[in-house]
There are 4 protein chains.
Amino acid sequence: MVSKTKITVRYAETDRMGIAHHSNYAVWFEAARTDFIKQTGIGYGQMEERGLLAPLLELTCRFIAPAYYEDELIVTARVTKLTPVKMEFSYEVFREGEKKPLATGKTLHGLVGRDMKPFHIKKDMPDIYEKLQMTVQPEEESK
Amino acid sequence: MVSKTKITVRYAETDRMGIAHHSNYAVWFEAARTDFIKQTGIGYGQMEERGLLAPLLELTCRFIAPAYYEDELIVTARVTKLTPVKMEFSYEVFREGEKKPLATGKTLHGLVGRDMKPFHIKKDMPDIYEKLQMTVQPEEESK
Amino acid sequence: MVSKTKITVRYAETDRMGIAHHSNYAVWFEAARTDFIKQTGIGYGQMEERGLLAPLLELTCRFIAPAYYEDELIVTARVTKLTPVKMEFSYEVFREGEKKPLATGKTLHGLVGRDMKPFHIKKDMPDIYEKLQMTVQPEEESK
Amino acid sequence: MVSKTKITVRYAETDRMGIAHHSNYAVWFEAARTDFIKQTGIGYGQMEERGLLAPLLELTCRFIAPAYYEDELIVTARVTKLTPVKMEFSYEVFREGEKKPLATGKTLHGLVGRDMKPFHIKKDMPDIYEKLQMTVQPEEESK
């Protein structure tokens, strides 16, 4: 499963170099993640209300070519790893209609409860774990 | 009472016009408000933990001259109105060492509880209300 | 002429009060402005390339009810004043499907050249001035 | 050479999880980079005015423990690699007075001209290259 999220580069997201500032990519990845989770039929907001938080442990982003104001972007997201305590998402950012990504990235998340301690998703939310498990697409296979 | 907060314009805060994007002024006003509240000896974080939130009802900002990357700014804050249910702050943004403000603004806040309903600060937190009351400096007097 | 822009509240746009932080509304207004300008057939990026910038002179925003993570919002924009040197936009933010706005606002822009000095849009870009002129919808009439 | 930048976590930087949102770390790294460059006696703004830009090629960040509203943070920056076309910075984010970092990160930058093509810093800005060269502190040595 791969989700696709449409993003239009906002003026506020540009910097004095005239390009979209790099800190926005983490925000766009997150918008893509929101859409991915929603597509599984769960909703990230709902997950949080049931007590499961997924704070970031690691973020990596590779910037290949700049994005500009008013560019229409497509951000893809997929789950590339899932264990009972961690989850990895991979992303690609494209200018609409182009085949070469402008940027790629990964985020690794801990699965924790409201107390920021590990949450046993497999045991405590088996429905959500199973749904996520079905979407996993390891890196190698996705090439 | 007037508080003074030092802000250095960040690269991420600039836009493709080459100036600090206008949406940052609301964030700087808030940093100034945080310092003002801290200066009264309370701490805004503490206030929230005791159940008092102060969400924005109105924001106005007048932009007189642009601020640029690496500019050292001084943001002043003071309370210009206080009632048992509302509170108004006024701000001025200066480039360090200059007398003419780059921007001025006001924020009007509701005083509510965690349920977003009015909070009777005068009755339920008389210590904080009194401290804030002492800082009020109506517009006219401050000229 | 009124434009309508769809915004989904991002996680990064929320704050520790659990609501969309007020500084985002200025960014959403700008996204709406971008769509409005594009709808006239011009494109704000193009306008800037032809040498016309429209920096903010004033921003006012009234916050009526909070927006939350994942909320689908509609931001309307229209031009409520236009002179050869200034332009005013008015906005309303709605949760999709609702009739009462969550927020309303206005932005007043100067029309300047790259040197930040007044730009005679009426004389130097009569095509754009005329297009914008046709869209003006003063406050009173819009009620 | 290591620079130290003081950051106070802003309310706008928190998210509905109650912690500083991860996208801010890239912004704080950049503020630290600005201070580092200034400390060499150059000034990043000046570098850009002389035609040298340093857009991001890669960003990695490891989040160890959350930062909260009003936390006083220290962000350290140092140059860990420098070639005539690329430059790597490494960062650590500490809560003031603590020894274990809340986060660590790296940014890899291309050295390019205004046309986004490689800029021969060693040849075209020997003064700046030399100054930066003197600050390099490879990873191993810094432990």
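The model is predicted.

## Chains A and D

The same surface serves both copies, since 100% of the contact residues of chain A recur in chain D.

The contact is made by 16 residues from chain A and 16 residues from chain D. On the side of chain A that touches chain D, the elements giving two or more residues are α1 (23–39) and β2 (56–63) of chain A. β2(A) gives the most to this side, with eight residues. By class, the residues of the side of chain A that touches chain D are 11 nonpolar, three polar and two charged.

How do the β2 strands of the two chains pair, and over how many bridges? β2(A) pairs with strand β2 (residues 56–63) of chain D in the antiparallel sense, over five bridges. In this pairing, A:Leu59 stands opposite D:Cys61 in β2(D).

## Chains D and C

Chain D also touches chain C: nine residues of chain D are in contact with nine residues of chain C. The side of chain D that touches chain C has three nonpolar, four polar and two charged residues.

A rotation of 180 degrees, with 0.0 Å of shift along its axis, superposes chain D on chain C at an RMSD of 0.0 Å. The two copies are thus related as by a two-fold rotation axis. Here too the same surface serves both copies, and 100% of the contact residues of chain D recur in chain C.

## Helix α1 of chain A

α1(A) is built from 17 residues. From its first C-alpha to its last, α1(A) reaches 25 Å, close to the 24 Å expected at 1.5 Å a residue. Of the 17 residues of α1(A), 13 are buried, so this helix is largely enclosed by the rest of the structure. Just after α1(A) comes A:Gly41, which takes a positive phi of about 95 degrees.

## Strand β1 of chain A

β1(A) runs antiparallel to strand β3 (residues 72–82) of chain A, and six bridges join them.

## Nonpolar cores

Which residues touch the most other members of the largest nonpolar core? They are B:Val75 and C:Val75, in a core of 81 residues. Leaving out residues up to four places away in sequence, C:Val75 touches C:Thr5, C:Ile7, C:Trp28, C:Phe29, C:Ala31, C:Ala32, C:Tyr91 and C:Val93.

Another core, of 80 residues, lies apart from the largest one. Among its residues are A:Cys61, A:Phe89, D:Ala12 and D:Leu111.

Conventions:
Residues are numbered from 1 along each chain as its sequence is written. Chains are lettered from A and ligands numbered from 1 in the order in which they are written. This is a predicted model: local features need pLDDT of at least 70, side-chain atom pairs count only at pLDDT 80 or more; totals for chains, interfaces and linings use all residues. Two residues are in contact if their C-beta atoms, placed from the backbone, lie within 7 Å. Helices (H or I, at least four residues) and strands (E, at least two) are DSSP runs, numbered from the N terminus. Ala, Val, Leu, Ile, Met, Phe, Trp, Tyr, Cys and Pro count as nonpolar, Asp, Glu, Lys and Arg as charged, and the others, Gly among them, as polar. Two strands pair if DSSP finds at least two bridges between them. Copies are superposed by least squares on the C-alpha atoms of residues with pLDDT of at least 70 in both. The expected span of a helix is 1.5 Å times one less than its number of residues. A residue is buried if 20 or more other C-beta atoms lie within 10 Å of its own, exposed if 12 or fewer, and partly exposed in between; C-beta atoms are placed from the backbone. A nonpolar core is a set of buried Ala, Val, Leu, Ile, Met, Phe, Trp, Tyr and Cys residues joined through C-beta atoms within 7 Å.
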